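Hi,

Here is the structure I promised to pass on. Have a look at it first, and then read my notes below.

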Amino acid sequence: MQSTFSLVILSCICVVLADNKVSLPSYVTPCNISDKHLSQCVKEQIIVCLPKFTKGIPELKVPSLDPIKLDDIKIGGNGLDLTFFEASMEGISDSKVTDFKINLGEVDEEFSLSFKSNFTLKAKYEVDGRILILPIKGKGDAFVYAQGVEVQISSKLTHFKNNKGEHLKLATPTYKYDIELTTFDLQNLFNGNKQLADTTLQFANQNWKQLMDELAPPAIKQIVVTGVKAINKFFASVPISQMIIGYKETL
Ligand SMILES: *[C@@H]1O[C@H](CO)[C@@H](O)[C@H](O)[C@H]1NC(C)=O
Ligand SMILES: *[C@@H]1O[C@H](CO)[C@@H](O)[C@H](O)[C@H]1NC(C)=O
């Protein structure tokens, strides 16, 4: 009994060792290189997988992107001194893919992904100074609701080879973004003086674009850097031939 049991375990281990293939998560369906609409097939896979991908794939070493922890963000100059710390950004897993392009097999391979999301930034804040004309001072919990944030990431694709096969990599990512609307909720402004706080917050929200001109660039940059790292982790774990059936390695 005992030895049969060991044998079963041993043969399982051997099967695992012999099978060098990475197992794709069950929600990924590989596309076929012979498919006339290959890039449409890849796009559909991205649309299906993005909500799950952004929650992380531990077995492929892809970290969760929801929430994304952000480094401290300081907004300064023009008489305003505002810092967000212990910040995290929620919402990327509810993104909708708004555009996707990939041209595998061409001389210059490129990748472009646009997605749109509503983000909530949760942080501690500390502020002193003025917003345009109004004084502002306080510290406490901050919630920043950024609605309709559309981010486009574009990159050249390069290939590299390791013991598992040939892989893709986003080599030179660039990005741009657009934001429809932002609402700031800075709690405990003016030590909790509600009347002063309400007036100032209302004014800040009417002028959200000025504040976001400074807050959005560092926040979006960190989202893109973290996202590109996760995509490259996925690419480094899964050879192209496992994402695209019939792919002939070129390296
Ligand atoms: C891929 O497409 C080719 C051509 O249509 C077909 O012969 C082949 O069976 C397909 N492979 C798979 C695994 O579906
Ligand atoms: C963002 O929120 C708006 C307003 O609530 C909603 O209409 C829109 O569908 C949301 N967008 C996404 C990508 O979830």
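P218 lies in helix α4. Please keep in mind as you read that this is a predicted model. With a relative accessible area of 28%, P218 is partly exposed. If you go from P218 to K233, you move 15 residues along the chain, and the C-alpha atoms of the two are separated by 23 Å.

P217 is found in helix α4 too. Its relative accessibility is 32%, so P217 counts as partly exposed. What is P217 in contact with, leaving aside its neighbours within four places in sequence? The answer is Y175, Y177 and M212. For Y177 I also have the spacing: P217 and Y177 are 40 residues apart in sequence, and their C-alpha atoms are 9.1 Å apart in space.

**Aromatic pairs**

Next, the rings. A pair of aromatic rings is described by the distance of the centres and the angle of the planes, so those are the values I give here. The count comes to three aromatic pairs.

One of them is F53 with F234: 5.8 Å centre to centre, with 85° between the planes, which makes the pair edge-to-face. Why does this pair tie together parts that are 181 residues apart in sequence? Because F53 lies in helix α2 (residues 38-53), whereas F234 lies in helix α4 (residues 208-237). So helix α4 holds F234 as well as P217 and P218.

Are F53 and F234 buried or exposed? F53 has a relative accessible area of 13%, so F53 is buried. F234 comes out at 12% and is buried as well. With the cut-off for buried at under 20%, you can see how F53 at 13% and F234 at 12% get that label, while P218 at 28% is partly exposed. There is also a cluster here: F53, F234 and F235 form one aromatic cluster.

Then there is F100 with F111. The ring centres are 5.5 Å apart and the planes stand at 85°, so this pair is edge-to-face. The pair links distant parts of the chain, with F100 in strand β5 (residues 96-102) and F111 in strand β6 (residues 110-131), 11 residues apart. F100 is buried, at a relative accessible area of 7%. F111 counts as buried too, at 4% relative accessibility.

**The ligands**

Which residues surround ligand 2? They are K96, K116, N118 and Q147. A polar side-chain atom of N118 lies 2.3 Å from an oxygen atom of ligand 2. On its own, ligand 2 has 360 Å² of accessible area, and the protein covers 45% of it. Sorted by class, the shell around ligand 2 has two charged residues, two polar ones and no nonpolar ones.

Ligand 1 is surrounded by N32, S34 and I245. Which residue puts a polar side-chain atom 2.3 Å from an oxygen atom of ligand 1? That is N32. Taken alone, ligand 1 exposes 370 Å², of which the protein buries 29%.

**To look at in the viewer**

- Helix α4, with P217 and P218.
- The cluster of F53, F234 and F235.
- The edge-to-face pair of F100 and F111.
- N118 beside ligand 2, and N32 beside ligand 1.

Cheers

Methods. Residues are numbered from 1 along each chain as its sequence is written. Chains are lettered from A and ligands numbered from 1 in the order in which they are written. This is a predicted model: local features need pLDDT of at least 70, side-chain atom pairs count only at pLDDT 80 or more; totals for chains, interfaces and linings use all residues. Side-chain values use heavy atoms; hydrogens and water are left out. A residue is near a molecule or strand if one of its heavy atoms lies within 4 Å of it. A polar contact is a pair of N or O atoms within 3.5 Å; within protein, one must be able to donate a hydrogen and the other to accept it, and residues adjacent in sequence count only if both atoms are side-chain atoms. Accessible areas come from the Shrake-Rupley method with a 1.4 Å probe; for residues, only the protein chains shown count as cover. Ala, Val, Leu, Ile, Met, Phe, Trp, Tyr, Cys and Pro count as nonpolar, Asp, Glu, Lys and Arg as charged, and the others, Gly among them, as polar. Rings of Phe, Tyr and Trp (its six-membered ring) pair if their centres lie within 6.5 Å; planes under 30 degrees apart count as stacked, over 60 as edge-to-face and the rest as tilted. Helices (H or I, at least four residues) and strands (E, at least two) are DSSP runs, numbered from the N terminus. Buried means under 20% relative accessible area, exposed over 50%, partly exposed in between (1.4 Å probe, protein chains only). Contact means heavy atoms within 4.5 Å.
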